[in-house]
Amino acid sequence: MKPQVCRTPEKRRRHSGSRSLLASAAALKHGLPLVNLVRGDTGARALRQRFPGLPTISTADADWRTQVQDAVGGQGAQVVLDAVGGSLTRDLAALLADGGTLISYGALGSGSTPLESLALIPRGLTVRGVSIGQWLTRTPGERAEDVAFAARLAESAPELFEVAARYDLADFAKAIAHVRRPDKSGTVLLTSPAS
C-alpha cells in the first residue's frame, strides 16, 4: 500500500492539530502508512513525540517537499488528506503519484489554488471533498461503526479530544474565528441548549 500524506493545522502548544492526532491514531489502528504535515516546528515536534512511528514534517522547512518524497519512498503518495486548503494545495497535489487522490475537508488556509494548476487530466488525479453532510448519507450500519470507533478511541486516548473552547450555536461566527487562529489548541465545539 502506498503511503498517504495528511496536512493539518498546527497547534502551537502541547499537541499538534487535533485532526493530525485523530488521523494518526486511525492510521496506526488500521495499519495505514501515513506522513503528517504541519505548519510549524512546534507542532511537528509534538506530533513526533506523540506518534514516534509516523513521519512528521513541518512545511516551514525549506526542503519539506523533498522530505515528504523521501518518506513515501520517492513514488508519490496514493492519497493526500488536506484539512487546511488554500494556496499550498497545489504543492500537496504535486506529492501524489499519478492516479492519486486529493481529499479536501478544510478551508482554513489563505489563498486559493486554481483547479487547472493541479494537472488533473495529464496525471489522472482525483479531487474529492468530504464533509459531515456526506457522512450523514452513509448507511446506518456504517455510521454506527464510525461512532463505535470514535468512542473506543475517546475511551482509550482521551488526550486526542482536547477541547479548545465551547460556543453556543448562536455564536457560530466567534467559533469560526477561533478555529482560524493559528495558535488554536484543541477542537472548537458548537453547543446548543437542551430541548
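Colleague: Is L54 buried or exposed?

Modeller: Let's start with the general idea: buried means under 20% relative accessible area, exposed over 50%, and partly exposed in between (1.4 Å probe, protein chains only). L54 has 8% relative accessibility, so it counts as buried. Before we go on, please keep in mind that this is a predicted model, where local features need pLDDT of at least 70, side-chain atom pairs count only at pLDDT 80 or more, and totals for chains, interfaces and linings use all residues. Residues are numbered from 1 along each chain as its sequence is written, and side-chain values use heavy atoms, with hydrogens and water left out.

Colleague: Thanks! Where is L54 found, and which residues does L54 touch?

Modeller: A contact means heavy atoms within 4.5 Å. L54 sits in the loop between α2 and β3 (56-58). Not counting residues up to four places away in sequence, L54 touches S24, L28, L34 and N36. Another way to look at a fold is to compare sequence with space: L54 and A27 are 27 residues apart in sequence, and their C-alpha atoms are 9.2 Å apart.

Colleague: How many helices and strands are there?

Modeller: Helices (H or I, at least four residues) and strands (E, at least two) are DSSP runs, numbered from the N terminus. The protein chain has 8 helices and 8 strands. As for burial, 39% of its 195 residues are buried.

Colleague: Which residues of helix α2 are buried?

Modeller: In α2 (residues 41-50), the buried residues are G43, A44, A46 and L47. They fall within an arc of 165° when you look down the axis, so they line one face of the helix. That arc is taken from the directions from the helix axis to the C-beta atoms. The face turned away from the buried side carries the exposed residues R45 and Q49.

Colleague: What about T59: which residues is T59 in contact with?

Modeller: T59 is in the loop between β3 and α3 (64-71). With 17% relative accessibility, T59 counts as buried. Leaving aside neighbours within four places in sequence, T59 is in contact with L37, V38, R39, W64 and L88.

Colleague: Now for charged side chains. How many salt bridges are there?

Modeller: A salt bridge is a side-chain nitrogen of Lys or Arg within 4 Å of a carboxyl oxygen of Asp or Glu. By this rule there are 4 salt bridges. One of them joins the side chains of R65 and D91, at 3.4 Å from N to O. This pair links distant parts of the chain, with R65 in helix α3 and D91 in helix α4 (residues 89-94), 26 residues apart. R65 is partly exposed, at 35% relative accessible area, whereas D91 counts as buried at 18%.

Colleague: Which residue forms a salt bridge with D98?

Modeller: That partner is R123, and the closest N and O atoms are 2.8 Å apart. D98 lies in strand β5 (residues 96-104) and R123 in helix α5 (residues 120-123), 25 residues apart, so this pair also links distant parts of the chain. D98 counts as exposed, at 57% relative accessibility.

Colleague: Which residues are joined into one network by shared partners?

Modeller: Start with R138 and D146, whose side chains meet in a salt bridge (3.4 Å, N to O). Salt bridges that share partners join R138, E142 and D146 into one network.
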